[in-house]
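Colleague: I would like to go through this model feature by feature. Please give the general idea each time, then the case at hand.

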Amino acid sequence: MATAKTVEALWALHTEKMATYGFDRLIYGFTRNGTSSTFGKPQDQLILSTQTPEYMRRFVQEGLYYNAPMLRWALENQGACSWRWMMDMERVDNLTAAEKKVLAFNKSMGVTAGYTISFLSLAQRIKGAIALTAKAGLSQDEVDAIWGTHGEEILLMNNIMHLKVLTLPYAGERRLTKRQREVLQWVGDGKTTQDIAILLGLTPATVEKHLRLAREALDVDTTAQAILKAALHNQMYVVDADN
């Protein structure tokens, strides 16, 4: 994991290892635009998953995750938490109607036992967490027993994975071209469109075109947002860019 050169390679190694402990459906999320009550919009997050496409469509794209009880826990805490906490909250009727809806959805999808890890954050809007869903057939009692034996090493490996993700470029479907990255870099250095045109031997109109395409590729409205999102995915300064 320490020598992985891409997020995709790192994630493949990590998910393979977690499966050996019985966690075969993982969702990892990281944001630099979170608040005290939410991770923010999905398009502003780095989300990695081995869940089914149907589950991710309902849980993330349709916004069920906003009201996930374990997400609430992750936003308010750090460290690892058994999903027994969520079960206890349900038993004493301490969940909102929206949270109960998420619980019912999870049960319908066989997402019933696991652990959530909330990673340490040293900045107000930065937050990362991972949901480790146990394979079908495992009860929470069995998962807690696994954690009792291997919890410290599982927690360590997930923290290493999280810290490694923060250093690696991740493009997903929003890959910048070399020229788009270049003009964003110059804007980040405080250069104007006219300055960049002179530096790159382009016309100002062409520079504006590349900035517009970069904004579209990153699904943002402003160039400042494009720089922030490119930085989030470590796309601003790539040593071995492939395009």
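Colleague: Is His162 buried or exposed, and why?

Modeller: This is a predicted model, so the values are computed from predicted coordinates. The cut-off for buried is under 20% relative accessible area. His162 has 5% relative accessibility, so it counts as buried.

Colleague: Where is His162 found, and which residues does it touch?

Modeller: His162 belongs to helix H6, residues 140-165. Leaving aside residues up to four places away in sequence, His162 touches Tyr28, Phe30, Phe119 and Gly128.

Colleague: How do I read the direction of side chains on a helix?

Modeller: An α-helix has 3.6 residues a turn, so residues three or four places apart point the same way.

Colleague: In what sense do E1 and E5 pair, and over how many bridges?

Modeller: Strand E1, residues 23-31, pairs with E5 in the antiparallel sense over 8 bridges. Phe23 has Ala134 in E5 as its bridge partner.

Colleague: How many bridges join E4 to E5?

Modeller: Strand E4, residues 114-118, is joined to E5 by 5 bridges, and the two run antiparallel. Opposite Thr116 stands Ala131 in E5.

Colleague: And the chain as a whole: how many helices and strands does it have?

Modeller: The protein chain has 10 helices and 5 strands. The C-alpha trace spans about 65 × 40 × 30 Å along its principal axes. Of the 243 residues, 44% are buried.

Colleague: What share of the contacts comes from residues 24 or more positions apart?

Modeller: Among contacts with a separation of 6 or more, such residues account for 69%.

Colleague: What does the surface come to, and how many charged side chains are there, positive and negative?

Modeller: The accessible surface is about 12500 Å², and carbon and sulfur atoms hold 54% of this area. The chain has 27 positive and 26 negative side chains, with the centres of the two sets 4 Å apart.

Methods: Residues numbered from 1 in each chain as written. Predicted model: local features only at pLDDT ≥ 70, side-chain atom pairs only at ≥ 80, totals over all residues. Heavy atoms only, no water. Helix = DSSP H or I, 4+ residues; strand = E, 2+ residues; numbered from the N terminus. Buried < 20%, exposed > 50% of the residue type's maximum accessible area, 1.4 Å probe, protein only. Contact = heavy atoms within 4.5 Å. Areas by Shrake-Rupley, 256 points an atom, 1.4 Å probe, with all protein chains shown as cover. Lys, Arg positive; Asp, Glu negative; His and termini not counted. Charge placed at Lys NZ, Arg CZ, Asp CG, Glu CD. Pairing = 2+ DSSP bridges.
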